[in-house]
Amino acid sequence: MLANPARSQHWPEFDWPFFDDSHRTLKKDLNAWSLLHIKHGGDESRAAIDAECQGLVTALGHGGWLAHAIGGRVFGGVRDVIDTRSICVLREELAYHHGLADFAFAMQGLGSGAISLQGTVEQKQRYLPRVGRGEAIAAFALSEPDAGSDVAAMQCSATPVEGGYVLNGQKTWISNGGIADFYVVFARTAEAPGARGISAFIVDADSQGLEIAERIDVVAPHPLATLQFNQVRINQAQRIGAAGEGFKLAMATLDVFRTSVAAASLGFARRALDESVAWARSRKMFGQSLADFQITQTKIADMATLLDAATLLTYRAAWLRDQGQRITREAAMAKLTATENAQKIIDMAVQLHGGIGVKKGNIVESLYREIRALRIYEGATEVQQLIIGRDILRSV
């Protein structure tokens, strides 16, 4: 296991036309910062992970990186509109160094994304600067026990009352659940059936009636929880956007960040490839190095090719979105390909490492656990296939 495998300061893929000098500088600067501030591995107990995640949010805020995850210069953002390529560059680089660092960054953006997109000036002033400085932890509360991929099936309700709403129901698989300072919650307000009757709200973590029903432990240790809303009273001013427009807002938020899930997969896969190359060169067997065997060379070739293919699709989607184009199909292709290819690359990396590859604490072992969830969250692979197929059939 290499704490930091040797890396060239020249990344060939950043010579591609998808990027400008700001993206190249961003990657270089974040790599240098990460080497100083991020350590891979450590205590994986729930308390330790919570504390580490909170510490990473603070560090990322102090480093200025979270300012890329929010929209609006006046609210502390780097740009008035979130730059998709920058988000992808940041996630890829952070994932390369440590999965929890990527998680901490991504959830700040996803958790506050609806506010960046459609929040009132007052909402933006109250929440976004604190998110960007790492002083408030954000969370995105969309999924329910019976409404994951089928978001329109949600049952959590927001009943209108004088001056506001009363929330009742559950949300589950909520990233940052239990450590967040506020949640962007999507609930049924019943203006119309299905997706047209959902609205979005900001719910502070200390709201009376909001409880952490369960902390969820998963293969890659991240803060996750089930939330229970029991007669949670919120003001009218806490609704984001128009009543009944929450589903559209949730999808718009996911559109911003779905391509970045592909980018995180690239970071995990790139680390697995670098670890494998370094290991193959140093591992001695049968009088030569592992790298001297042709079977090793073919595996490395497959890994590199899968990675480049995923990288091209990911940054094509990011570039197109930054040009103002609709990228439903391209984002789905990027997420599907990057997550599935990264799973293959990391599996090959574990195999190349042999027994040490499944030893707890080895980097490729942790990468193996990190990548699995990315094939599911923010739209499982099978959902991406449906999106792509339907979009093609509609356009033919």
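The model is predicted; local features were required to have pLDDT of at least 70 and side-chain atom pairs pLDDT 80 or more, whereas totals for chains, interfaces and linings use all residues. Residues are numbered from 1 along each chain as its sequence is written, and side-chain values use heavy atoms, with hydrogens and water left out.

The protein chain contains 10 helices and 10 strands, taken as DSSP runs (H or I of at least four residues for helices, E of at least two for strands) and numbered from the N terminus. Its radius of gyration is 21 Å, close to the 21 Å given by the globule rule for 396 residues, so the chain is as compact as a globular protein of that length. The radius is taken over C-alpha atoms, and the rule is 2.2 Å times the number of residues to the power 0.38. Along the principal axes, the C-alpha atoms fill a box of roughly 80 × 50 × 40 Å.

Of the 396 residues in the protein chain, 56% are buried; buried denotes under 20% relative accessible area, exposed over 50%, and partly exposed the range in between, with a 1.4 Å probe and protein chains only. The accessible surface of the protein chain comes to about 16800 Å², and carbon and sulfur atoms supply 54% of this surface. These areas derive from the Shrake-Rupley method with a 1.4 Å probe; for residues, only the protein chains shown count as cover. Among contacts in the protein chain with a separation of 6 or more, 73% join residues 24 or more positions apart, a contact being heavy atoms within 4.5 Å.

Helices α3 (residues 84-97) and α6 (residues 246-282) pack at an angle of about 35°, and their axes are 7 Å apart. Axes are lines fitted to C-alpha atoms over the stretch in contact, and angles run from 0 to 180 degrees between N-to-C directions. The crossing of α3 and α6 is right-handed. By class, the contact of α3 with α6 comprises 11 nonpolar, 5 polar and 5 charged residues.

E370 counts as buried at 11% relative accessibility, while R372 is partly exposed at 37%. Not counting residues up to four places away in sequence, E370 touches G99, L100, A220, H222 and F268. For R372 and I179, the C-alpha distance is 23 Å and the sequence separation 193 residues.

In helix α8 (residues 328-353), N341 is buried, with a relative accessible area of 8%. With residues up to four places away in sequence not counted, N341 touches L306, A309 and A310.

Most residues other than glycine have a negative phi. N176 has a positive phi, near 75°, and is not a glycine. N176 is placed in the loop between β3 (164-175) and β4 (182-188) and is buried, with a relative accessible area of 0%. E378, also not a glycine, has a positive phi of about 55°. The loop between α9 and α10 (381-395) holds E378, and this residue is buried, with a relative accessible area of 13%.

Definitions and conventions:
Left-handed = near helix turned anticlockwise from the far one by under 90°. Nonpolar A, V, L, I, M, F, W, Y, C, P; charged D, E, K, R; others polar.
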